[in-house]
Amino acid sequence: MDRRNDYGYRVPLFQSKHLNGDERSGSNYRRIPWGRRPAPPRDVAILQERANKLVKYLLVKDQTKIPIKRSDMLRDVIQEYDEYFPEIIERASYTLEKMFRVNLKEIDKQSSLYILISTQESSAGILGTTKDTPKLGLLMVILSVIFMNGNKASEAVIWEVLRKLGLRPGVRHSLFGEVRKLITDEFVKQKYLEYKRVPNSRPPEYEFFWGLRSYHETSKMKVLKFACRVQKKDPKDWAVQYREAVEMEVQAAAVAVAEAEARAEWFQHQHWLYWRTQHQHGLQ
């Protein structure tokens, strides 16, 4: 079931979870959850101020590369203006894109998880050049192994490849630290990888899959080209993977067009709201 936000767009209903507000009346004192209070009046200046705070908050939180929860944004920044969440996050997204060249993406609608993605193109497609480039190079190797093995790879296969690179479980590496912890804990928390137990396996066996963040920060075509450079082959030499990568590129392009149209509609409505407000003030 949907409701319409301030702009008339359909947005999913959600339960707001945040700190309680205070209400005092004479000698009486009680706490009322914000979600049960009437929404405060729409004040553009205040909403923009919350959006500016949200920009700073997101840039700081993103340094860990762990996806940011909507509930944390509501609790820590937006607070009693939760009813205006769609507008505040749109305003924050605009600032992030224009000033910092990053896009805010919701990668998991069920859990309401968001990440920041650089709009600057890089060869790998993952975060560009950062201090973590060696780790991201290792990640690209793992993603390519997963993709070339039918979009999943057993832990045994992953370690077979890593051993050829001189990486072993339980042995600390000068660049990566403890490699097992890096790939089964850090990369998993950051949503670059999924690490799942094979059902009914005894003793337990595990498999790796692409995580949600990887689908947004890179593409199967980029990973395929990465693998081809390593093995000095042409992408079309792997017909199945090449066809799948092309299909993913087409789908991604369609999503990008839809998002651009939605953003244009939002800004058009903003201009209409501004015109209406100015017109009403002119009549008074």
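1. Let's begin with a pair of helices. Helix α4 (residues 133–148) and helix α6 (residues 179–189) have axes that come within 12 Å and cross at roughly 80 degrees. The two helices are therefore roughly perpendicular to each other. For such labels, angles under 35 degrees count as roughly parallel, over 145 as roughly antiparallel, 65 to 115 as roughly perpendicular and the rest as oblique. Axes here are lines fitted to C-alpha atoms, for helices over the stretch in contact, and angles run from 0 to 180 degrees between N-to-C directions. On the α4 side the contact is made by Lys135, Leu138, Leu139 and Ile142, and on the α6 side by Val179, Leu182, Ile183, Glu186 and Phe187. Contact means heavy atoms within 4.5 Å. These residues divide into 7 nonpolar, no polar and 2 charged. In that count, Ala, Val, Leu, Ile, Met, Phe, Trp, Tyr, Cys and Pro are nonpolar, Asp, Glu, Lys and Arg are charged, and the others, Gly among them, are polar.

2. A word on what you are looking at. This is a predicted model, in which local features need pLDDT of at least 70 and side-chain atom pairs count only at pLDDT 80 or more, while totals for chains, interfaces and linings use all residues. Residues are numbered from 1 along each chain as its sequence is written, and side-chain values use heavy atoms, with hydrogens and water left out.

3. Now the whole protein. It has 9 helices and 12 strands; helices (H or I, at least four residues) and strands (E, at least two) are DSSP runs, numbered from the N terminus. Of its 284 residues, 38% count as buried. Buried means under 20% relative accessible area, exposed over 50%, and partly exposed in between (1.4 Å probe, protein chains only). Among contacts with a separation of 6 or more, 56% come from residues 24 or more positions apart.

4. Which strands does α4 lie across? Helix α4 lies across β8, β11 and β12, running at about 105 degrees to β12. These 3 strands form an open sheet in the order β8-β12-β11, with antiparallel pairing. At the edges are β8 (153–154) and β11 (193–197), each of which pairs on one side only. Two strands pair if DSSP finds at least two bridges between them. Strand β8 is joined to β12 (residues 206–210) by 2 bridges, and Ser154 stands opposite Glu207 in β12.

5. A second open sheet also has 3 strands, in the order β5-β7-β6, again with antiparallel pairing. Strands β5 (68–69) and β6 (102–108) stand at the edges with a single partner strand each, so one side of each has no neighbour in the sheet. Between β5 and β7 (residues 113–118) there are 2 bridges: Ile68 is the partner of Tyr114, and Lys69 is the partner of Leu113.

6. Helix α3 (residues 85–100) lies across β6 and β7, at about 135 degrees to β6. Its 16 residues reach 21 Å from first C-alpha to last, close to the 22 Å expected at 1.5 Å a residue (1.5 Å times one less than the number of residues). Its buried residues include Phe85, Ile88, Ala92 and Leu96. Leaving aside residues up to four places away in sequence, Thr95 touches Gln48, Val55 and Phe100. After α3 comes Arg101, with a positive phi near 55 degrees.

7. In helix α2 (residues 70–78), the buried residues are Arg70, Asp72, Met73, Leu74, Val77 and Ile78. The elements that cover them include α1 (44–61), β5, α3 and β7. Gln79 follows α2 and has a positive phi near 55 degrees.

8. Finally, look at Met221 in helix α8 (residues 220–231). Met221 is buried, with a relative accessible area of 10%. Not counting residues up to four places away in sequence, Met221 touches Tyr242, Ala245, Val246 and Glu249. The C-alpha atoms of Met221 and Gln241 are separated by 8.5 Å, although these residues are 20 residues apart along the chain.
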